[in-house]
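This briefing is intended for a reader meeting the structure for the first time. Please view the sequence and the model together while reading.

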Amino acid sequence: MARMKFLCDSDRCIECNACVTACKNEHEVPWGINRRRVVTLNDGKPGERSISMACMHCTDAPCAAVCPTSCFYTTADAIVLHDKDTCIGCGYCFYACPFGAPQYPRVGNFGTRGKMDKCTYCAGGPQADNSSAEYIQYGSNRIAEGKLPLCAEMCSTKALLAGDGEMIANIYRERVRRRGYGSGAWGWRTAYRETVSV
Amino acid sequence: MITRILPALALALGLGLALPTAAQTPIGEVRGTPTNPLPPNATADDLELQNALTGGRIGGRVTIPDQRAASLIQPEGREWRDFHNRTLTWVGGVAVLGMLGILVVFYATRGCIRTETGRSGRTIQRFNIVERTAHWMTAASFIVLALSGLNLTFGRYLLLPLMGPEAFATLTLWGKFAHNYLSFPFTLGLVLLFLLWVRDNIPNRMDVAWFRTGGGLVGQGHPAAGRFNGGQKMVFWITIIGGALVAISGYLLIFPFFFTDIAGQQLAHIIHGVVSVLMIAAMLGHIYIGTIGMEGAFEAMGSGQVDLNWAKAHHSAWVDDEMKKARNAIAGGPGVKAQGAD
């Protein structure tokens, strides 16, 4: 089985936010929830770079470790998913997540955040693949259709890569070798305890 | 020709004037989301390593309204996870189970502490209806808060395998709502208890003697005590100080990100968790000595009337005061000396 990962080549990201829009549209994500966002570091200064970030589907995921109801599970492709039926919206996963991936439908005073929502790597949830129940709760399941996440698939500069970790790391290495520079794989050390050495 | 150029000139001038002012507004500096100075050639690997070691966040600017999203990587999440899964589980487990163990051993060796002089059959009022109501409001909400709180930390290991995921999720969800809403009667109770009892709970020299002689728990004989003895004063201040910490940190958690950022939320949870489990351990001791641990103790909070011999044994100075007050009242007010008193 593959070990699915995201890799954002920040030397290519132009902050067009198409990945954010694609994700929201593909999964009918409600207002206020951003499963993916683009963060610009050093905005307007030398060394400015943008990074598209969502759930990184960590190895030994912190969200899963702290969840009081153990609602997280990892698929055979190492995608970290959760069961909204057993999520209580306590917010612990947001405190533990290094990437700010967990999102909640409401502001959450008096414990009314609602069920947590996050990037599913376009792999849905525990319901039957591509059923309407799965679509309402988690959005579409492209993985079950043999497709990769839409954000990476439609990235105009191919800055955002999704797929097997070894394969996308090799694509990135090849790029860096050709163009002669690269700032590395953002979030990899934190998420996977490894980096892409060039 | 000139009519064509003029608007363009005006626009260019306008832009030229407007741009410096626009540049002055710090777009990237959003409150609560740190923007780290980033060297132009910084690599992801270096930054993540550096931030993991120094405990800083990598943050920037986002174009979406949720400014919490501007934090790209926060390594503190790992420390919070470590606290939640390791530190809190251990501190909580040792405190609660340790206290239960101590109580079992204590009950097995010392047994129920009897009033040595037996019952007199006469009673004296210890707590009135207002005091008992405030106590039981606080106590009842505390028990639900404690159980629902312990469930958040230990439930997934203890109850989840027994109940199954659906039933456990339902229970935990209702526990969460109970936890949030019962915080209000608990906090109100804390304020009432503080106002009602603070003047009788100021530590004094009698308490030092009380602790030195083991409070009548170990050994024989009872040290003198006022309305509240040293142990009860300790319970009072644990409740007030611990309760205040738990309440303040708890309200920060109920209104997430309203007052603080993610570091504040994590700190609030750490304080809330540690103080709570320590309070639960202390209250187990309080519940023990107020029920099966001591004969006649429950009556104080039950009916409010305690046996006179029990009161003399445990709160001799208080009984003396009450007797004096009662005698003065009969004799016609506190200012008048009773006949034949000298």
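The model is predicted, and the description should be read accordingly.

**Strand β3 of chain A**
- Strand β3 of chain A covers residues 49-54, and six of its six residues are buried, so the strand is largely enclosed by the rest of the structure.
- In a regular strand the side chains alternate between the two faces of the sheet.
- β3(A) runs antiparallel to strand β2 of chain A (residues 36-41), to which six bridges join it.
- Within this pairing, A:M53 of β3(A) has A:R37 standing opposite.

**Make-up of chain B**
- Chain B contains 13 helices and four strands.
- Of the 342 residues in chain B, 28% are buried.
- Among contacts in chain B with a separation of 6 or more, 67% are between residues 24 or more positions apart.

**Where chain B touches chain A**
- Contact between the chains involves 52 residues of chain B and 42 residues of chain A.
- On the chain B side, α2 (44-54), β2 (71-73), α3 (76-110), α4 (129-158), α6 (165-181) and α10 (262-290) each supply at least two residues.
- The most is given by α6(B), with nine residues.
- By class, this side of chain B has 26 nonpolar, 16 polar and ten charged residues.

Conventions. Residues are numbered from 1 along each chain as its sequence is written. Chains are lettered from A and ligands numbered from 1 in the order in which they are written. This is a predicted model: local features need pLDDT of at least 70, side-chain atom pairs count only at pLDDT 80 or more; totals for chains, interfaces and linings use all residues. A residue is buried if 20 or more other C-beta atoms lie within 10 Å of its own, exposed if 12 or fewer, and partly exposed in between; C-beta atoms are placed from the backbone. Two strands pair if DSSP finds at least two bridges between them. Two residues are in contact if their C-beta atoms, placed from the backbone, lie within 7 Å. Ala, Val, Leu, Ile, Met, Phe, Trp, Tyr, Cys and Pro count as nonpolar, Asp, Glu, Lys and Arg as charged, and the others, Gly among them, as polar.
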